[in-house]
Amino acid sequence: MSLIEVRNLYFRYNSSDRAVNGVNLDIDKGEFVCILGHNGSGKSTLAKLLVGLLEARKGSIKIDGIELNEDSVDEIRKKIGIVFQNPDNQFVGITVKDDIAFGLENRKVEKHEMEELIDKYSTMVRMNEFLDRNPEDLSGGEKQRVAIAGILAINPEIIIFDEATAMLDPKGVGEVMEVINSLKSKKTIISITHNLNEAIMADKVIVMNEGKVVLSGKPNEVFENIEILKNSKLDILDSMKLLEKVDNSNINLKEEVKTALWELTYQK
Amino acid sequence: MGINLSEVNLAYLKEKKQYKYAIKDINLRIDNEDEFIAIVGHTGSGKSTLVQVLNNLLVPTFGHISINFRENNNDVYYNIKASGKKVKYAISKDNINVKYKARVSLKALRKHIGLVFQFPEYQIFEETVLKDIMFGPKNFLRDENKAKEEAIKIAEMMNISDLLDKSPFMLSGGQMRKVAIAGILASKPEVLVLDEPTVGLDPIAKRDLLEFLKYLNEVEHKTIIIITHDMDVVGEYAKRTIVLNKGCIMYDGSKDEMFKNDEVIKTCNLNYPNIVKILANLKKKLNIDLDIYKYNIDDAFKELNRVLGDNHE
């Protein structure tokens with residue numbers, strides 16, 4: 001049994017073309033999964049369905065064997081946390097400490113235990129020196145790390161990153177990616193991203209288009225389907241584009257160049 | 001013609017007579033035609049401050065900015081002088097000094113230099129796309145019908161005519177950003193400044209927007225200034241790059257020379273474009289003499305073909 005089982009899932013917003021049109025999905029415990037898709041392909045909607053922020057019209061979501069519905073949503077949210085794209089839209093506390101504590105307070109954690117957890121997870125994201133600061137004064141990368149600490153404190157099995165680095169500068173992206181990488185194999189991670197270099201490192205890549213899963217598999221299996229990727233309005237890795245051109249040419253050292261580009265893509 | 005900054009400084013009062021310079025001793029000449037400039041540098045290096053000084057949203061603490069445009073067949077000069085906390089505005093028209101009220105002069109100045117902030121879609125507020133695009137020209141032209149005409153023209157040019165009657169809030173991120181940019185363009189600025197225009201867009205929407213900026217630059221001869229962290233964008237689109245470091249201009253010149261300048265790249269922690277990295281890797285692995293400073297796939301392949309092509313046994 002997979003940790004996450006999505007069967008025949010449908011959803012449509014009232015006033016928009018965006019939708020999820022019959023998604024089936026299996027994600028195993030400990031997997032690092034990247035979901036790719038152009039803006040409007042349904043990937044963020046799927047994420048919101050998974051954490052019960054939206055209610056599906058049809059189909060089912062099972063997380064750790066529990067079917068997601070009105071009665072189980074609170075229990076499921078202990079198992080699955082989400083970090084959103086905009087670092088400014090997810091703060092409730094006046095200080096970093098308050099903010100990390102928010103989820104714990106809601107779960108009625110004892111005070112001394114709470115202190116321990118805040119210390120542990122703020123250290124894990126290297127924000128322990130910032131506990132008394134106002135989140136407003138932090139950089140984007142720092143804000144996202146605080147958000148991650150707040151989620152980690154609840155100790156969910158699954159964390160979804162919904163384009164969590166899209167609004168950050170390169171320094172912030174580096175800081176957040178470092179934290180995400182440190183969580184690999186400890187947590188089940190679903191990263192919704194446009195970053196192909198991140199997707200290359202995943203255990204599984206899922207490509208969405210028009211609300212459907214159009215490709216799913218290991219990175220090298222998925223990235224071979226250049227036509228489907230193009231039809232899904234996705235970018236192709238530069239090294240793959242060059243590889244395609246080299247493949248159709250008669251240059252010298254052709255096989256050597258191809259091998260080098262292939263190795264470069266998959267960093268073998 | 002263009003924008004001239006000489007010895008421009010902007011300082012913030014931190015605490016008790018302690019000043020911190022956001023930008024320091026900036027000397028810069030920007031033409032009001034045909035330039036495509038990328039401003040790069042760390043977060044906090046002064047990029048956003050610099051572009052806000054350009055259209056006078058921020059007033060320099062020291063220094064002098066002169067801006068020269070053609071307006072109704074007249075040369076119009078805007079001189080923005082700063083000395084300490086006192087700021088003097090003077091506009092000279094046909095070399096005759098005329099003093100306007102500051103507010104009037106700024107409005108005219110901002111018509112020439114359009115500034116698109118980061119995440120401009122957050123500033124959309126009208127009920128329909130048409131009304132939102134019209135908002136700028138309505139203020140500048142003071143004529144509802146003319147403003148509407150301009151808005152429709154711009155929408156056609158940007159391929160968003162089918163969106164005009166829709167509510168901006170029903171659109172995708174990429175479409176919303178286009179609408180926000182259309183709103184600035186509708187006032188017909190000669191210089192368009194965009195702060196991180198591609199952040200948060202998917203690859204297709206990003207390319208679409210950049211190709212449009214290229215069109216504005218090459219066909220309409222507008223000067224485009226973008227702030228960006230994305231070296232792929234710098235490589236493929238910029239004609240000139242300005243590197244800021246701790247508020248100072250560390251480099252101003254061609255992108256090739258910038259990428260070859262190890263000191264600049266290291267100090268400012270700049271990355272290389274993806275294609276440059278790939279070519280550098282091939283050069284090393286295969287021990288071939290490649291020029292690695294190519295910025296799109298076609299040029300990269302041509303370079304491979306030049307070195308490894310059939311006539312090169």
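The briefing below covers ground rules, domains, salt bridges and selected residues.

This is a predicted model, in which local features need pLDDT of at least 70, side-chain atom pairs count only at pLDDT 80 or more, and totals for chains, interfaces and linings use all residues. Residues are numbered from 1 along each chain as its sequence is written, chains are lettered from A and ligands numbered from 1 in the order in which they are written, and side-chain values use heavy atoms, with hydrogens and water left out.

**Domains**

- Chain A is assigned domain 1 (4–236) and domain 2 (237–268). Such bounds come from an automatic or database domain assignment.
- In chain A, the C-alpha centres of domain 1 and domain 2 are 33 Å apart.
- Across that boundary in chain A, 12 residues of domain 1 are in contact with nine residues of domain 2. Contact means heavy atoms within 4.5 Å.
- Chain B splits into domain 1 (2–271) and domain 2 (272–313). Here the contact takes 12 residues from domain 1 of chain B and seven residues from domain 2 of chain B.
- The centres of domain 1 and domain 2 of chain B, taken over C-alpha atoms, are separated by 35 Å.

**Salt bridges**

- Over all chains, the search of the whole structure finds 29 salt bridges. The term means a side-chain nitrogen of Lys or Arg within 4 Å of a carboxyl oxygen of Asp or Glu.
- A:Glu163 pairs with A:Lys43 in a salt bridge, with the closest N and O atoms 3.5 Å apart. A:Glu163 sits in the loop between strand E7 (158–162) and helix H6 (170–183) of chain A, and A:Lys43 in helix H1 (residues 43–50) of chain A, so the pair ties together parts that are 120 residues apart in sequence. Helices (H or I, at least four residues) and strands (E, at least two) are DSSP runs, numbered from the N terminus.
- A:Glu163 is buried, at 7% relative accessibility. A:Lys43 is buried too, at 3%. Buried means under 20% relative accessible area, exposed over 50%, and partly exposed in between (1.4 Å probe, protein chains only).
- A:Lys111 and A:Glu115 form a salt bridge at 3.6 Å, N to O. Both residues lie in helix H4 (residues 111–124) of chain A, four residues apart, or about one turn of the helix.
- A:Lys111 is exposed, with a relative accessible area of 61%. A:Glu115 is partly exposed, at 35%.
- In chain B, the side chains of B:Glu150 and B:Lys153 meet in a salt bridge of 3.5 Å, N to O. B:Glu150 and B:Lys153 are about one helical turn apart because they are three residues apart in helix H4 (residues 144–157) of chain B.
- B:Glu150 is buried, with a relative accessible area of 11%. B:Lys153 counts as partly exposed at 47%.
- Back in chain A, salt bridges that share partners link A:Lys97, A:Lys111 and A:Glu115 into one network.

**B:Lys47**

- B:Lys47 belongs to helix H1 (residues 47–54) of chain B. B:Lys47 is buried, at 6% relative accessibility.
- A polar atom of the B:Lys47 side chain lies 2.8 Å from the backbone oxygen of B:Gly41.
- Beyond neighbours within four places in sequence, B:Lys47 is in contact with residues including B:Ile39, B:His42, B:Ile227, B:His229 and B:Leu244.
- B:Cys248 is 201 residues from B:Lys47 in sequence, yet 9.8 Å away in space, C-alpha to C-alpha.

**B:Glu303**

- B:Glu303 is placed in helix H11 (residues 297–308) of chain B. B:Glu303 is buried, at 5% relative accessibility.
- A polar atom of the B:Glu303 side chain lies 2.8 Å from the backbone nitrogen of B:Asp291.
- With neighbours within four places in sequence left aside, B:Glu303 is in contact with B:Asp289, B:Leu290, B:Asp291 and B:Lys294.

**B:Tyr21**

- B:Tyr21 is in strand E2 (residues 18–30) of chain B. B:Tyr21 counts as partly exposed at 31% relative accessibility.

How values were computed:
Polar contact = N/O pair within 3.5 Å; in protein donor to acceptor, adjacent residues only side chain to side chain.
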